[in-house]
Amino acid sequence: MRGLLASSIGVTCAAALALPLTSPAAAARPASPASASTAAGAEARGTAEAPGSTQSLSLAPLTSRDRTLAPAAAEQGLPRRDVRHFSLVGVVWNDPDTVLHGSVQVRTRAVGADTWSGWQDLETHNDDAADPGTAERTSGRVHGATAPLWVGDSDGVEVRVRAEADRRTEDTARGSRTATASAPLPTGLRLELVDPGRSAPAPGTQEKAAPAAPRAAVPHDTAPTGEPGAGPGADPAADDQAALDADAANAGLAAPGATEIPELSRARTERELFSLRAGELTTQQRAKPYIGPRPRIVTRRGWGADEKLRERTFVYTKKVKAAFVHHTASGNGYSCAQAASLIRGIYRYHVKSMGWRDIGYNFLVDKCGNIYEGRAGGVAKAVLGAHTLGFNTNSMGIAVLGSYGTTKPPAAAVKAVARLTAWKLGLYGANPKGKTYLKSGGGNLYPKGKKVRLNVISGHRDGFATECPGRQLYSKLGSTRTTAARYQGR
């Protein structure tokens, strides 16, 4: 997402809409018998058949002038090329604290098509991140990155990254003249092409299997990097234990191996509250619990998380005092049946490309109002996320899949955010219409250690200088607070 530097730079978090996911010709082709049987087998077993992969391609100067200035070239990229299948694209660089001042654009070719999309913008300022000084932030594996963009099943790509020109006017004896210079681009620019793999469909959706083979030979330098033995099956015991750990974190809410946590009535939710937090409830909470009915939540197993990708342990904070609402800035060109694939793509991008310990958000919501478990550790617990730089402690992050700078968020998604916050904030006694104090971990709006008064339901931009969650979604937060409070019985 696009952030503002504390000094002066204004930004936007809206990403261009993604192109249609497949060409008409590709959509018309029936699945091969092999891929159909593979998908059927995956659904029967409830496990991922294809774990996904990441192609990491180094960018190079595009012009002869730039090549003489490398590595601080004003324009870098890759010419058109055939690659293996991917559905999500992003650009990363070495230093997570370096800001990319400029533009990043890609165009892609859908599988089975001969034409290319127009140029699409990637959001250059991706400000979802772990707090400064935390183990996750200082691991040495974290990179700077654009927001990812969902483009659908593709096998061709072209990218260009252009430094922002710094223009200034100088008065001389001969009159005014304009001098132009460019800030250097970050070092180590790489294009990340993410194949989210295939999984059994999440409950209530149907996920289409990708075609079985690429359309053309792929150059050797597009091979996945840094993923020895990736995917389930490389170490079955470790894979199984990681999946069991993720299941166990939701013990009491759903049976082991469940693909969803079912919704509950208000009365059953209140009984669950007494069970989950009996020793922590105040007298007032016991007498009159304000909590919304628990909504249906698709588990990590439900959206096909490859649990081997993430770090094995879970990290918790003390409580959940606030919820930060985001958009993923990944475009709106996905169907709800593809939401699980999009989440797997974001998960892989956060972990393999950006170097985080797990997906950054605690929850995700698609355009149809389906709610998904994000970072592992238990949906009812205070799991430490990496969503709002400086304010991850004692908060949760909810990301609505899509870009909502100019596009209005669907009513179903807004309602889902209200239902989710009414329940999760209610577990910790928080009033969705109220205010709370959080201590800043350091960011571009508030210095480290400052206690900041925030809405209990805030937008990302309230804790960090950014346009996220987009103007259109941010404008819905007032009504979301009121609706969530009503769900709590306030």
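## Ground rules

The model is predicted: local features need pLDDT of at least 70, side-chain atom pairs count only at pLDDT 80 or more, and totals for chains, interfaces and linings use all residues. Residues are numbered from 1 along each chain as its sequence is written, and side-chain values use heavy atoms, with hydrogens and water left out.

## Nonpolar cores

A nonpolar core is a set of buried Ala, Val, Leu, Ile, Met, Phe, Trp, Tyr and Cys residues joined through side-chain atoms within 4.5 Å. Buried means under 20% relative accessible area, exposed means over 50%, and partly exposed is in between (1.4 Å probe, protein chains only). The largest nonpolar core has 68 residues. Which of them touch the most other members? They are F363, L364, V365, I398, L401 and W423. Helix 9 (residues 411-427) gives the most to this core, with 9 residues. Helices (H or I, at least four residues) and strands (E, at least two) are DSSP runs, numbered from the N terminus.

Take I398 as an example. Leaving out residues up to four places away in sequence, I398 touches A323, F324, V325, H326, F363, V365, V417, L420 and T421. Contact here means heavy atoms within 4.5 Å. There is also a second, separate core of 22 residues. Its members include L57, L59, V89 and W93.

## Helix 5 against helix 9

Two packed helices are described by the angle between their axes and the distance between the axes. The axes of helix 5 (residues 266-277) and helix 9 come within 10 Å and cross at roughly 35°. Axes are lines fitted to C-alpha atoms, for helices over the stretch in contact, and angles run from 0 to 180 degrees between N-to-C directions. The crossing is right-handed. That label applies if the near helix is turned clockwise from the far one by less than a right angle; anticlockwise is left-handed.

Helix 5 brings T269, E272, L273, L276 and R277 to the contact. Helix 9 brings W423, G426 and L427. By class, the contact has 4 nonpolar, 2 polar and 2 charged residues. Ala, Val, Leu, Ile, Met, Phe, Trp, Tyr, Cys and Pro count as nonpolar, Asp, Glu, Lys and Arg as charged, and the others, Gly among them, as polar.

## Backbone spots

The peptide bond from C468 to P469 is cis, with omega near 15°. P469 is in the loop between helix 10 (460-463) and helix 11 (471-474).

A329 is not a glycine, yet its phi is positive, near 55°. This residue sits in the loop between strand 13 (322-327) and helix 8 (339-353). A329 is buried, with a relative accessible area of 1%. N394 also has a positive phi, about 60°, without being a glycine. Its loop runs between strand 15 (371-373) and strand 16 (395-400). N394 is buried at 16%.

## Aromatic pairs

Rings of Phe, Tyr and Trp (its six-membered ring) pair if their centres lie within 6.5 Å; planes under 30 degrees apart count as stacked, over 60 as edge-to-face and the rest as tilted. The count comes to 3 aromatic pairs. W303 and Y347 are edge-to-face, 5.5 Å centre to centre with 85° between the planes. W303 lies in helix 7 (residues 300-303) and Y347 in helix 8, so the pair ties together parts 44 residues apart in sequence.

F391 is buried at 2%, whereas Y446 is partly exposed at 22%. Ring pairs link F324, F391 and Y446 into a cluster.
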